[in-house]
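Please read it alongside the sequence and the coordinates.

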Amino acid sequence: MHDQAGAGTPDNFERLWTPHRMAYIKGENKPTGTGPDDGCPFDAIPKMSDEDGLIVKRGQLVYAVLNLYPYNSGHLMVVPYRHVSGYDKLDAAEVAELGEFTQRALRALRKASGAQGFNVGMNLGQVAGAGIAAHLHQHVVPRWGGDTNFMPVVARTKVLPQLLRDTRQLLADAWD
């Protein structure tokens, strides 16, 4: 046990402070409505530089961007430029490029990080778990054997070994 000065009762717990998560908890960058002019970050990001927006690659109809609140290092999303909420609302060209970018993301993540597996998918609608339900986005989450350990299970904390800007550059360089 360590000396504990200040408020509180001394205990045997170590603390891992993650103040950067407070932005997510408070809903920072979460849209205020469902329209493209209601604060949607997926509409704002393409107007930024690749570095500032954490954009890995831009296409004609979609772009790949790192998740600001990743489940794992390299967690990215493929996002259509057009502000639509449902997969069934995409046109054929958008579906094709979204699929192509998802394949390219898988290849880039394998090349850059040696990912051994992936979770790929969409949460369509708020009740399905979509954090930003008004703008469709497909998650590509790299996985490795043993990447879930006691930290997320017990401490509800994810340890990410690399800064997002460094991860963005690594993936952009590995993109074919």
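**Briefing: strand 2 and its surroundings**

Lys-57 has Ala-64 in strand 2 as its bridge partner, where strands (E, at least two residues) and helices (H or I, at least four) are DSSP runs numbered from the N terminus. The model is a predicted one, in which local features need pLDDT of at least 70 and side-chain atom pairs count only at pLDDT 80 or more, whereas totals for chains, interfaces and linings use all residues. Residues are numbered from 1 along each chain as its sequence is written, and side-chain values use heavy atoms, with hydrogens and water left out.

**The chain as a whole**

- The chain holds 6 helices and 5 strands, and read along the sequence these follow the pattern α-α-α-β-β-β-α-β-β-α-α.
- Of the 176 residues in the chain, 36% count as buried, a term that stands for under 20% relative accessible area, with exposed meaning over 50% and partly exposed in between (1.4 Å probe, protein chains only).
- Among contacts in the chain with a separation of 6 or more, 59% come from residues 24 or more positions apart, a contact being heavy atoms within 4.5 Å.
- The accessible surface of the chain is about 10,800 Å², and 54% of this belongs to carbon and sulfur atoms; the areas come from the Shrake-Rupley method with a 1.4 Å probe, and for residues only the protein chains shown count as cover.

**Strand 2 and its partners**

- Strand 1 (residues 55-58) and strand 2 run antiparallel and are joined by 3 bridges, and the two form a hairpin with 3 residues between them; strands are said to pair if DSSP finds at least two bridges between them.
- Strand 2 also pairs with strand 3 in the antiparallel sense, over 5 bridges, and here Val-62 stands opposite Pro-80 in strand 3.
- Strand 2 is mostly covered, with 5 of its 5 residues buried; on one side these are Val-62, Ala-64 and Leu-66, and on the other Tyr-63 and Val-65.

**Aromatic pairs**

- The count comes to 2 aromatic pairs, under the rule that rings of Phe, Tyr and Trp (its six-membered ring) pair if their centres lie within 6.5 Å, with planes under 30 degrees apart called stacked, over 60 edge-to-face and the rest tilted.
- Tyr-63 and Tyr-81 form a tilted pair, at 5.2 Å centre to centre and with 35 degrees between the planes; the pair links distant parts of the chain, since Tyr-63 is in strand 2 and Tyr-81 in the loop between strand 3 and helix 4 (92-113), 18 residues apart.
- Tyr-63 is buried at a relative accessible area of 0%, whereas Tyr-81, at 25% relative accessibility, counts as partly exposed.
- Phe-101 and Trp-175 have ring centres 5.4 Å apart and planes at 55 degrees, so this pair is tilted; Phe-101 lies in helix 4 and Trp-175 in the segment after helix 6 (164-174), 74 residues apart.
- Both Phe-101 and Trp-175 are buried, and Arg-104 lies over the face of Phe-101 at 5.4 Å from the ring centre, the rule being NZ of Lys or CZ of Arg within 6 Å of the ring centre and within 35 degrees of the ring normal.

**His-75**

- His-75 is found in the loop between strand 2 (62-66) and strand 3 (76-80), and this residue is buried, with a relative accessible area of 1%.
- Beyond its neighbours within four places in sequence, His-75 is in contact with several residues, including Leu-66, Pro-70, His-139 and Pro-142.
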